[in-house]
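These notebook entries record what I looked up in one structure. I began with the strands and then turned to the backbone and the surface.

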Amino acid sequence: MTTTAFITHRDCWLHDMGSMHPECADRLSAINDRLIAAGLDMYISFYDAPVAEREQILRVHPAEYLDDLVGNVPEHGIRHLDPDTAMSPGTMKAALRSAGAGVFATDLIMKGEIENAFCAVRPPGHHAERAKAMGFCFMNNVAIAARHALEAHGLERVAVVDFDVHHGNGTEDIFRNDPRVMMAGIFQHPFYPYSGTDNPPAHMCNVPLPAGTRGDAFRQVFSDVVVPALRSHNPQMIFISAGFDAHYEDDMGSLGLVEADYVWATEQIKGVAADCGHTRIVSILEGGYSLSSLARSVVAHIKALADL
């Protein structure tokens, strides 16, 4: 049995925010190409992401918001919801697969078919608040998956680890009043979306880093702050908002991580899961816009998940 699932869907290529937009379908193509070039296709299980069901989405987002999103899909061309977040005719098809991927990964793991999963999906989700699309995000994929673990599988405590270069404001907004979900985020600050430092709740472990921070300082705060916070929550499942835009080659941010830092962080998260008596990890793609560093980092992350 392979331990790691790779979940994606061709519909995730359909979302288009314009020819010069950094959040583009080429991101997924680069990941797929690198995965095959690295020979990983022999060692992981591939699955198509299903469409998220309305009931699963409504655990996180209000019905009016979901209906507004559907109503805003243009018949052709591109419709902007804000200056950097836009919809195309294929956006909701992609978004529903992206939300469904995390739910499906959770189900596979809870059934014991795999130990962990990586969801190569777009649009990303961690900036999507309860009733607001922003920052390239429409529905909060990791939040939908985490709530599914709690409500459909009866888990009592889960954790979300977010190492994207941007703070996961949407995830924090959604789980602000839900102490079953511990969120640990390491992000550049001050930086978009300029959140995460004003009186976060006790179950939110936010670690802002200044521009220019390199891997050694990242590892130090991960060891000193994030790992103890995760252990104290004792999660029964861990979700990762896996953004790779803190890589030093990525112009979207100004942190200086490399592939080895993502491998190390993945190993730390796996260690926490093991300490808590399980191997359940669902990792969902968020940012990462330099195609080469994104693809290399994702493959390194998957290798660490799969113990390769």
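Two strands are said to pair if DSSP finds at least two bridges between them. With that in hand, I opened the model, which is a predicted one.

**Entry 1: the strand β10 and its neighbours.** I looked up the partners of β10. Strand β9 (residues 238–242) runs parallel to β10, and five bridges join the two. Within this pair, I found F239 opposite V282 of β10. Strand β5 (residues 116–119) is also paired with β10 in the parallel sense, here over four bridges. C119 has I284 in β10 as its bridge partner.

Entry 2: Buried here means under 20% relative accessible area. In a regular strand the side chains alternate between the two faces of the sheet.

**Entry 3: backbone exceptions.** Most residues other than glycine have a negative phi, and most peptide bonds are trans. I then searched for departures from this. Which bonds are cis? The bond from H189 to P190 is cis, with omega near 0 degrees. The bond from Y192 to P193 is also cis, with omega near 5 degrees. I located P190 in the loop between β7 (181–188) and β8 (204–209), and P193 lies in the loop between β7 and β8 as well.

Y194, in the loop between β7 and β8, has a positive phi of about 55 degrees. F136, in the loop between β5 and α5 (141–151), has a phi near 75 degrees. I compared their accessibility: F136 is buried at 9%, whereas Y194 is exposed at 58%.

**Entry 4: a surface patch.** I noted a nonpolar surface patch of about 360 Å², made by M42, Y43 and L308. L308 sits in the segment after α9 (291–305). Its relative accessibility is 47%, so L308 counts as partly exposed.

**Entry 5: the record.** UniProt, in an unreviewed entry, places the feature "domain: Histone deacetylase" at residues 21–305. I noted that this span is 41% helix and 15% strand, and that its end C-alpha atoms lie 30 Å apart.

Notes. Residues are numbered from 1 along each chain as its sequence is written. This is a predicted model: local features need pLDDT of at least 70, side-chain atom pairs count only at pLDDT 80 or more; totals for chains, interfaces and linings use all residues. Side-chain values use heavy atoms; hydrogens and water are left out. UniProt positions are given in the numbering used here, feature names are shortened, and annotations may be inferred rather than shown by experiment. Patches are made of residues with over 30% relative accessible area and no salt bridge: like charges are joined within 9 Å, nonpolar side chains (Val, Leu, Ile, Met, Phe, Trp, Tyr) within 5 Å. Accessible areas come from the Shrake-Rupley method with a 1.4 Å probe; for residues, only the protein chains shown count as cover. A salt bridge is a side-chain nitrogen of Lys or Arg within 4 Å of a carboxyl oxygen of Asp or Glu. Buried means under 20% relative accessible area, exposed over 50%, partly exposed in between (1.4 Å probe, protein chains only).
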